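Hi everyone, thanks for coming. Let me walk you through a few features of this protein, and please have the picture open as I talk.

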Amino acid sequence: MALVVHASPVPSLIFSKPEVFRGPTISDLSEKLRKIGVEEIPRSLELSEDDLPALTEQPIDCQVPLIDFSLLQTDRRKLAKQIGDAARTWGCCQLINHGIPVESMQHLIAESRKYFELPAERKLKVKSFVGDNTSWKLSSLYWAESWMIHGTGSRKDIDEKILSAWPEGNTAFRNLTADYVERMQPFTKQMFQLYAEDLGLEDIDFYAKHVDSSELTIRWNYYPACPQPSTVLGAKSHTDANLITFLLQDSVGGLQVEKDGCWFDVKPIEGALVINISDGFHAWTNGLYKPVLHRALVNRNSPRLSLAGLWNVDDSTPYVAPTELVDENHPQLYKPIKAGEYKQNLITTRSKVDMSAKQKEHSKVLKGLGQLDKWKILA
Ligand SMILES: O=C(O)CCC(=O)C(=O)O
Ligand SMILES: [Fe+2]
């Protein structure tokens with residue numbers, strides 16, 4: 001049965017067989033499939049063999065580190081060591097008691113979900129591009145929709161950006177996002193100080209001093225329920241191309257991280273923040289911290305929501321590792337990469353790949369690290 005819903009923009013990557021199924025959003029498609037009892041997703045959406053979310057055995061005694069941030073009050077050194085160890089071995093951890101109230105995070109998730117549940121034609125009314133790259137885009141990942149705001153990381157800026165992109169939007173959603181960002185900024189500084197302590201840097205603010213001038217992208221990811229979850233991914237395996245990512249996920253589950261060739265579930269924990277080391281921090285620590293390869297699975301029964309707070313230093317700052325991290329045994333790994341240069345390179349490469357619409361190459365580029373290799377200093 002052919003379903004045609006006329007709306008635009010229609011992402012060509014997702015709907016490459018428009019004569020069979022067309023819908024303005026993945027939620028819309030998912031709902032239509034459910035209503036007519038179709039148990040199969042369009043063939044054009046299926047992943048290639050290489051990208052299939054194969055189930056791997058997860059050693060039961062091995063889990064993403066769960067760290068209690070309240071140690072900050074009682075044993076700061078221990079906390080610094082724990083987050084540092086997690087960054088070295090996993091490239092990620094889950095943090096609880098970080099000071100951002102659990103209820104406000106839950107409210108934010110609930111209000112965000114309402115946005116994605118709006119009818120497609122209302123979602124599509126939200127501005128697509130606002131001047132400085134504040135954007136709303138569909139299906140940036142895979143069986144997913146996303147909404148993205150890009151700003152300075154100050155409450156005021158994020159608030160204004162959301163208002164301008166969605167003037168008729170939901171005030172509670174805007175306020176909760178602004179509250180969240182306001183709390184995230186001092187917390188981010190603390191995290192960077194702890195990382196500097198773990199790394200034994202003399203200047204404890206080596207990284208933290210950049211936070212005030214840093215950029216923050218907030219990306220809401222929404223993964224509608226999928227009738228054939230084993231044939232698609234919500235987000236293909238990738239490392240994030242920014243500096244560090246703070247991820248808030250709802251209670252559904254689906255995020256996985258890679259370690260030593262195995263995929264591990266990042267089990268949802270109420271009020272926890274998932275901290276992911278991205279490409280930039282890997283370069284800025286001369287390779288000591290691992291950029292975590294991660295992906296998102298989808299499921300048959302329930303939509304899932306996550307909210308990624310992607311920090312990046314301002315475009316002109318080069319990732320030059322502190323002198324303490326470079327010596328004869330640890331020679332400098334990368335030429336100084338300016339954050340903006342790295343980002344631009346990635347955008348250009350991705351758009352080229354998107355145009356050619358080759359899924360396999362697209363997934364390679366998403367792996368991010370492939371891009372960092374371009375700056376590698378060869379021995
Ligand atoms: O939804 C998730 O858990 C992962 C999202 C993600 O990797 C991203 O936004 O970069
Ligand atoms: Fe990611």
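Strand β7 (residues 145-151) runs antiparallel to β8, and the two pair over seven bridges. Strands here are DSSP runs of E with at least two residues, helices are runs of H or I with at least four, and both are numbered from the N terminus; two strands pair if DSSP finds at least two bridges between them. In this pairing, Gly-151 stands opposite Leu-216 in β8. On to another partner: β8 also pairs with strand β15 (residues 304-312), again in the antiparallel sense, over nine bridges. There, Trp-220 stands opposite Leu-307 in β15.

A quick word on the ground rules. This is a predicted model, where local features need pLDDT of at least 70 and side-chain atom pairs count only at pLDDT 80 or more, while totals for chains, interfaces and linings use all residues. Residues are numbered from 1 along each chain as its sequence is written, chains are lettered from A and ligands numbered from 1 in the order in which they are written, and side-chain values use heavy atoms, leaving out hydrogens and water.

How many residues of strand β8 (residues 215-223) are buried? Nine of its nine, where buried means under 20% relative accessible area, exposed over 50%, and partly exposed in between, with a 1.4 Å probe and protein chains only. Both faces are covered, with Glu-215 among the buried residues on one side and Leu-216 among those on the other.

Last, a charge: the charged end of Arg-295 sits over the ring of Trp-263, 4.2 Å from its centre. That wording requires NZ of Lys or CZ of Arg within 6 Å of the ring centre and within 35 degrees of the ring normal.
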